[in-house]
Amino acid sequence: MLILAVLPIKIRDEGYPDKHTVRKTLSCRKCRIADSLIAGEHCDTIFCEIAISKSMYLSDNPLGFHYDLLKKFEKWSGTHIFITPVSNDSTYWSNLIENKTNLLVISGGRLMIPKEHSDSLITSIDINDDGDMWVSTKRNSEIIETLNYWISAYGRSGEYRNMSARYDRYFNRPRNDLKFISPYDSLVKANSKAIGWDWRLVSAIIKKESNFFMGVESPRGAIGLMQVKQNIADKYGIDNIYDPEQNIYAGTRYMSEISKRIEKKGITGMENVKFTLASFNAGEARIEDCMRFAESLGKNPKIWDEVAEAIPLMQLEENYKGDYIRLGKFRGTETIKYVQDVLSIYDSYREIL
């Protein structure tokens with residue numbers, strides 16, 4: 001049995017962000033810290049950045065794997081790890097050196113460490129065959145010592161092999177091998193069941209939104225697996241918008257709310273799904289514009305295909321300056337394609353699973 005007390009973690013107070021940052025980004029789920037307090041006054045908290053590409057188009061992206069692995073360490077150690085994916089630039093090194101963060105995950109091994117910082121840093125053992133590793137400053141060396149102690153044992157466990165296999169199978173399986181959809185199937189199933197949706201449909205949405213890469217950010221400020229915006233995360237009490245469990249929770253609950261509001265308009269079944277998808281993509285007010293405009297043309301505002309036929313006309317000045325379109329000009333091709341793509345992915349999942 002592993003005992004954390006062998007290598008106790010004592011993160012120094014100067015490593016925490018200022019109170020403004022804590023109020024904005026952190027609400028420790030373990031001790032429910034008051035907004036005015038710094039995390040270190042209540043619990044051991046490690047602030048970690050993962051400096052691995054957040055692109056959703058990489059064929060093999062270890063971001064989710066490292067996040068999952070660190071959450072396992074969090075559970076074992078009793079610490080709270082606040083994890084943020086970061087862009088591949090130099091700021092994460094200065095954050096680490098200045099003790100604004102306590103831990104950094106990097107790809108490419110020790111060769112990626114800037115020479116000017118090498119004497120100040122300590123690295124973990126290699127986490128995988130690609131040479132990914134965790135880095136901290138020498139003044140926080142106990143973090144790396146404890147992580148090495150833990151990963152040396154955990155890496156030999158069946159639980160680790162199963163977790164690692166989830167990511168390996170997703171990235172390396174043949175295209176026609178779909179015994180599962182993503183490394184997040186269990187989370188998707190649990191949250192889909194809670195709102196009464198088919199988990200394969202929710203998986204199709206995540207596939208379209210992020211390609212199952214948890215660190216994706218859109219130019220419009222949508223983040224994570226389900227591309228949740230900060231105001232939606234705040235609505236559901238989410239403390240880390242990147243966290244797959246929290247992101248899927250917020251995304252599914254938000255979609256369920258949209259669906260229920262659409263149902264009150266008398267739209268049910270697959271038409272409800274289509275309008276919910278369109279509203280999730282373009283916003284409910286925008287889709288209400290589309291419905292009003294379609295009805296003004298004599299089309300059925302409760303049939304998505306008829307509404308979609310009217311949308312291209314919303315680009316015309318004589319229409320978007322009229323009485324039915326309140327939010328102005330709307331091209332709408334992205335939203336029409338979004339609905340088509342999600343339903344196409346959903347059909348492919350239903351054929352196999």
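Predicted model: local features only at pLDDT ≥ 70, side-chain atom pairs only at ≥ 80, totals over all residues.
Q: What does arginine 350 meet in a salt bridge?
A: Its partner is aspartate 347, with 2.7 Å from N to O. Both residues lie in helix 14 (residues 333-352). They are 3 residues apart, about one turn of the helix. Arginine 350 is partly exposed, at 39% relative accessible area. Aspartate 347 also counts as partly exposed, at 34%.

Q: How many salt bridges does a search of the whole structure find?
A: The search finds 17. Take glutamate 271 and lysine 274, whose closest N and O atoms are 3.8 Å apart. The cut-off for a salt bridge is 4 Å, so this pair counts. Both residues are buried. They sit 3 residues apart in helix 10 (residues 269-282), about one helical turn.

Q: Where do glutamate 309 and lysine 299 lie?
A: Glutamate 309 is in helix 12, and lysine 299 is in the loop between helix 11 (284-296) and helix 12. The two are 10 residues apart and link distant parts of the chain. Their salt bridge has its closest N and O atoms 3.1 Å apart. Glutamate 309 counts as exposed, at 52% relative accessibility. Lysine 299 is partly exposed, at 23%.

Q: Which residues are linked in a network of salt bridges?
A: Lys235, Glu257, Arg261 and Glu284 are linked in this way.

Q: How do I read the side chains of a strand?
A: In a regular strand the side chains alternate between the two faces of the sheet. Now look at strand 1. Thr45, Phe47, Glu49 and Ala51 point one way, and Ile46, Cys48 and Ile50 point the other way. All 7 of the 7 residues in strand 1 (residues 45-51) are buried, so the strand is largely enclosed by the rest of the structure.

Q: Which strands pair with strand 1?
A: Strand 2 (residues 80-85) pairs with it in the parallel sense, over 6 bridges. Threonine 45 stands opposite histidine 80 there, and isoleucine 50 has proline 85 as its bridge partner. Strand 2 is mostly covered, with 5 of its 6 residues buried. Strand 3 (residues 103-106) also runs parallel to strand 1, joined by 4 bridges. Cysteine 48 has leucine 103 as its bridge partner in strand 3.

Q: How do I tell a stacked ring pair from an edge-to-face one?
A: Check the angle between the planes: under 30 degrees is stacked, over 60 is edge-to-face. The count here comes to 13 aromatic pairs. Tryptophan 150 and tyrosine 154 have ring centres 4.7 Å apart and planes at 15 degrees, so they are stacked. Both are buried. Tyrosine 236 and tyrosine 249 have centres 6.4 Å apart and planes at 85 degrees, so that pair is edge-to-face. Tyrosine 236 is buried, at 17% relative accessible area, whereas tyrosine 249 is partly exposed, at 34%.

Q: Which residues do ring pairs link into a cluster?
A: The cluster holds Phe65, Phe73, Trp76, Trp150, Tyr154, Tyr160, Tyr167 and Tyr184.

Note on methods:
Residues numbered from 1 in each chain as written. Heavy atoms only, no water. Buried < 20%, exposed > 50% of the residue type's maximum accessible area, 1.4 Å probe, protein only. Pairing = 2+ DSSP bridges. Phe/Tyr/Trp six-rings, centres within 6.5 Å; stacked < 30°, edge-to-face > 60°. Salt bridge = Lys/Arg side-chain N within 4 Å of Asp/Glu carboxyl O.
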